[in-house]
Each structure stands twice: as structure tokens, then as C-alpha cells.
Amino acid sequence: MAAMDKYKDLNRAETAQMIYNAYFNDGEVDPGPGPVEQTTFEGVYAITGIKDGSVEIADLVAADKGAKVDPVEMVTVTTIQWSLANKRTIDFDAGATIKTAKGKLINGEDFKDAKASDIVASTDAKYYAAKVNVKDNKVTSIEYYSTGFEPLYKQQSNGYLAKPCERSVYYSAVESVTEFALGTEGEWKSGIDGDLVSYTQPKYGSVAPVPQTATMWKFRLNYTLPANTAKIGDVYTFTWTCQTKDKSIESTAVVTISITPATIVPAKAITAKVGESTKIEKDYLYEGVQFAKGASIGKSSYVIYDDVNKKEYDWKSKDPFITSLGGKLTRLGEDIFTYEPAAGTAGKSEIFYLALHDGMGVVIVPVTVTIS
């Protein structure tokens, strides 16, 4: 039997729970068959070769060389060591477009229509980047940045500086999505406004902007990690670039991702009676919890998780969350919930889900309900 066959009939939360429980404390996990090659993607890549019918791109791999204060200028200086990996050639789609603009990792001015001969390929001494869109293994568009940069990339604080940071992501045997809030990772002079405008992709998974309707905060990316890719102990990076509104200043920083074992939360079970409301107490929810190394014990909290739409239910909502059997699940306050079964469900059972935020990551917890 393949390593994952025994989990194929379980839903997302049940699978995650079994994997966390089985492989906590740095246990070895069979990573499975490995990642499936992406045929549709977008991101910033190095251009390493181009001709009329195809383009060769490479991943821009960033190593954080630290941030320090220049003792003479008394300003913060960050250093990134770039390298190239995973070169591959992709054919152009028949309707592919090419545009160019001045800039290194983002555009410093409006893009202009261009052709393949206008693009300079990267060399060992100087890299040239572009935002590349690929659909069904065909390049649909290239936005090329015509200002080359050296592999050793230094930036100096001038009132707008993104700084390197680290983020831990929990290992999962199923696809997971983690939001990275990066707005505190920098030096932002009062009165200077800007946006996150570009990003490279990590070795495993992908990053994409959080929809503006989902948050009022800037500089946020969703990191999606597919099943059976990165494993516990893996460390890799990506970069994000921000730019002032007037495009006069741009800054790039490295995010280092570490894959770690998750907090263990035993699956929970309750009984409920039609016509009555059952309270789920905080003490029960934390019973048997084994916090991951570095997790913020005492600062964690539960919220309702919508397993159908794969997102958390608005914890501020005064309306109850409606479960698959029509039950009403309500968050009364911090880590206290009530569940009321729907009429006509006596003798049935269902599962709803809670999400535990432990200060480092999120663990999805199934709660089985037996209705009488």
C-alpha cells in the first residue's frame, strides 16, 4: 500500500489530525511521490534565454545575508545573495504579449509593448527578471524589467526598507494555506505610503496576494503548500518587493520558511439533544493539547472553521455558523462555543470543525457530534 492510501477516504481535517498525531516530535514522514510539475503559474523569474518561439526561465533563489547598521552612515543595510535554479524552457502561446519597463524586480515606470529581441538574458554577473504568466504550459505574458542587478544585492535604508524575516509553517499531509503578514517587517518613514508589488516563488508551494476584500492590512501574502511536498526540517526562501506610491523607492526582502511539526490537538466529541443548546467549554477544548515547540502557550484561541469553503468563519459575526445537518454553532467568547442540533436530526451524527491558532500556526480540529 502506498504511504498515503490509508488516508484517501478521510476528509481534510481528519487526515491532518491523523498525520499530526502519528508523526509529531520530528518523526520521519514519507513525503510521498513529490510535487506535481505546475503547468499554470505566475511569478517573478530570471530570464536566462529567449527566442521567438520560447523563453528559458529560472527560479530566483534568495539567501538572506542579514541586516546591519552601517556605523558611518547610521542606516540599516540588508544583503541578499541571489542564485538561479531549475532552468526550464517554455513555449509561447500564440497570443502571448511582451512588455518592458525600467526596474529590477518591479517596474519603475509604465510598461511598453516589446518583442523578444528587446529582452536581455541573465548572465553569471548580472540577472534580469520578469513577471511571467504561464497557462497550460504556455507563456501567455511577460513583463520584463530592463534594469539588471548583481547576484550580491545590497539595499540601504532611505525611509522605506523591507527587512528579512522568518516564518514557521506546520507540516501537513494535505494542502494548507498560511497567511504571512509582512507589514511589520520593515522601516517605514512616517508619511511614506506604498504597496506590495512583486514576489518570487519558494521551492515548495506558491505565494499570492491576500484578496483586498479579505483584509484591510497591507503587505499580506497567502502561502499555499500542496500535499506531500515539503517535509519537517525543510528550510527555503522567497522574496517580496514593495514600492512607494510614486515609484521612487523599491525594496526587497527575504522570507525564510521552516517546516515544523504542528501542535497536536486530539479529536473532540460531544453529545447534543434536539431542542437544547450544548456548551463546549474551554477546558475540554484544551484537554490533551500538546503545543509545538515555540508555540505561544496561553495565547492561543479557537475559531470556527468552514470546511466546505476552506476558510475560517468570521469570529466577530453574531450569526451562528450552520453545520452540514443544519445545526447552529456559535462562538460565545474566547474558546467557548454552543451547538444546537436542527429539528429532525435525532439519531444522526455529524462533524464540524474548529481552528486552533497557537501563535505559530493553525491546526484544524474535527468535533464529532452524536445527536439524540
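Me: Which residue in E6 stands opposite phenylalanine 92?
Reply: Valine 139 is the residue facing phenylalanine 92. This is a predicted model, where local features need pLDDT of at least 70 and side-chain atom pairs count only at pLDDT 80 or more, while totals for chains, interfaces and linings use all residues. Residues are numbered from 1 along each chain as its sequence is written, and side-chain values use heavy atoms, with hydrogens and water left out.

Me: What makes E3 and E6 a pair of strands?
Reply: Strands (E, at least two residues) and helices (H or I, at least four) are DSSP runs, numbered from the N terminus. Two strands pair if DSSP finds at least two bridges between them. E3 and E6 (residues 138-145) have 6 bridges in the parallel sense, so they pass that test.

Me: Which sense does the pairing of E2 and E3 have, parallel or antiparallel?
Reply: Antiparallel: strand E2 (residues 54-69) and strand E3 (residues 76-101) share 13 bridges. Valine 69 has threonine 76 in E3 as its bridge partner. The two strands form a hairpin with 6 residues between them, and methionine 74 in the turn has a positive phi of about 55°.

Me: How do you know that E3 and E4 count as paired?
Reply: E3 and strand E4 (residues 112-113) are joined by 2 bridges and run antiparallel. The rule asks for at least two bridges, so this pair qualifies. Lysine 99 has aspartate 113 in E4 as its bridge partner. E3 also pairs with strand E7 (residues 152-156), over 5 bridges in the antiparallel sense, and there threonine 78 has glutamine 155 in E7 as its partner.

Me: Why are E10 and E13 called edge strands?
Reply: An open sheet of 3 strands has the order E10-E14-E13 with antiparallel pairing. Strand E10 (176-181) and strand E13 (206-209) are its edge strands, each pairing on one side only. Neighbouring strands of this sheet are turned by 30° against each other on average, direction ignored; such angles run from 0 to 180 degrees between N-to-C directions, with axes as lines fitted to C-alpha atoms, for helices over the stretch in contact. E13 and strand E14 (residues 220-225) are joined by 4 bridges, and proline 209 has leucine 221 in E14 as its bridge partner.

Me: Why is aspartate 335 called buried?
Reply: Buried means under 20% relative accessible area, exposed over 50%, and partly exposed in between (1.4 Å probe, protein chains only). Aspartate 335 has 0%, so it counts as buried. Aspartate 335 lies in the loop between strand E22 (328-333) and strand E23 (336-340), and has a positive phi of about 65° although it is not a glycine.

Me: What makes asparagine 228 buried?
Reply: Its relative accessible area is 14%, so asparagine 228 is buried as well. Asparagine 228 sits in the loop between E14 and strand E15 (235-244), with a positive phi of about 60°. Most residues other than glycine have a negative phi.

Me: How many disulfides does the structure hold?
Reply: There are 0 disulfides, a disulfide being a pair of cysteine sulfur atoms within 2.5 Å. Cysteine 165 is buried, at 8% relative accessible area, and cysteine 242 is buried at 0%.

Me: Where does pLDDT stay under 50?
Reply: That happens over residues 1-36. pLDDT is the predictor's confidence in each residue, from 0 to 100. The protein chain averages 83, and 86% of the residues score at least 70.

Technical notes:
Contact = heavy atoms within 4.5 Å.
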